[in-house]
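Dear colleague,

I am handing over a structure for you to look at, and below it I have set out what was found. Please keep it open beside this message as you read.

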Amino acid sequence: MLDVEKGVLVPRPVITVTDGRITALGGAAPAGAQRIDLGDVTLVPGLVDMHVHLDSTPVYGGYNGLQFTDSFWGVQGVGNAGAMLRAGFTTVRNVGSENYNDVAYKQAIDEGLMVGPRIVPAAYALGATGGHCDSTFFPPSFNQRGKAVGDTPDELRTRVREQRKYGAEVIKVCATGGVFSRNTEPGQQQLSEGELRAIADEAHQWGLKTAAHAHGAAGIKAAIRAGIDTIEHASLIDDEGIRLAKEKGTYLSMDIYNTEYTQAEGKKNGVLEDNLRKDREIAQIQRDNFRKANAAGVKMVFGTDAGVMPHKDAGKQFGIMVRFGMTPLQAIRAATLTAADALGRNRDVGAIAVGRFGDIVAVAGNPLEDVTVLERPVAVIKGGARVD
């Protein structure tokens, strides 16, 4: 068993789980307990992906998704949730969905009606008119507008309250333009520091964490100064932004794997060339900045943007994180201990420890020597029950 806190392997572990939580490590199994003997494997804590979109799929890019009815997206996401759990991700943070689908998935999983990970839902992502989280692909005659758009601090405070009212447990905001929207550029700041501060203050007042989609350097720094808890993508972060993140204790979630998929399969899936162009332009810059931020000691969490790439492939990011500067242990901690801290849920997930959920992933081999074994779990345990 990998003890992620100490960074050491514990031989022949005995883990007792009662009513979903770990009640003992070591010693003899209680009389009458169900025994799950996984043989010659290494156990790691259930993994946490801090940036997913369960009701999205990369298979239908650009305008190809318009061939389906609105509720199709919620339905197809059920399979994506199962795929993430089977890939070893027992907890995910869903940072933006349509129609409150992520809230519905959480409720269905909690009620035993659906198979999937523990979900921290954000519901609709907040944004500015014409920005990355608005609806930007249609002409004026369609009158399309994002459901959580706001253009003043007071409007955005209202959007925070609406998302919390309907089930959001984290507030997602788009501080800059993006790659897979139309008529935005990743480096553009699209909300002011004052607007971002209103969002952060309102969310924190309600006891919610915040996450900012932010590719551009100016938007990243504005979000950090405003008190946003995690910065998503952080592609064009500069030296000042890295310094600020370390100083403020802000977490960076940098999705440095998915460009492998988008550049290989995006055109075939219908992704527009302008979106692929933006993806190409920032890919290597983001990876180089990941290396710099990690070397500087910034708190890094594991986030893939699954939905832009297949959910079942989320584990492939571990190898890329190691390629660009992390040790295997650092990469694993990004998806366990550090992610749990960023969620504010380090009493529940992030380690195989007494009191936490019995969420465990078994892999063949030693992930401290070859982190890519995490791409191929041989067993997944959620709350003490083996996932079929």
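Helices here are runs of at least four residues that DSSP assigns as H or I, and they are numbered from the N terminus. Just after one of these helices, α6, G249 takes a positive phi of about 75 degrees. Please bear in mind throughout that this is a predicted model.

Let me stay with helix α6, which covers residues 239-248 and whose buried residues are G241, I242, L244 and A245. Seen down the axis of α6, these buried residues fall within an arc of 165 degrees, so they line one face of the helix. The face turned away from that buried side carries the exposed residues D239, K246 and E247. As for what lies against the buried residues of α6, they pack against α5 (217-226), β12 (251-253) and α8 (273-295). At the start of α6, a side-chain oxygen of D238 comes to within 3.3 Å of the backbone nitrogen of E240.

The other finding concerns the cysteines. The structure holds one disulfide, and this bond joins C133 to C174, with an S to S distance of 1.8 Å. The pair links distant parts of the chain, 41 residues apart, since C133 sits in the loop between β8 (118-121) and α3 (153-165), while C174 belongs to strand β9 (residues 170-174). Are these two cysteines buried or exposed? C133 is buried, with a relative accessible area of 18%, and C174 is buried as well, with a relative accessible area of 0%.

How values were computed: Residues numbered from 1 in each chain as written. Predicted model: local features only at pLDDT ≥ 70, side-chain atom pairs only at ≥ 80, totals over all residues. Heavy atoms only, no water. Disulfide = S-S within 2.5 Å. Helix = DSSP H or I, 4+ residues; strand = E, 2+ residues; numbered from the N terminus. Buried < 20%, exposed > 50% of the residue type's maximum accessible area, 1.4 Å probe, protein only. Arc of directions from axis to C-beta. Contact = heavy atoms within 4.5 Å. Polar contact = N/O pair within 3.5 Å; in protein donor to acceptor, adjacent residues only side chain to side chain.
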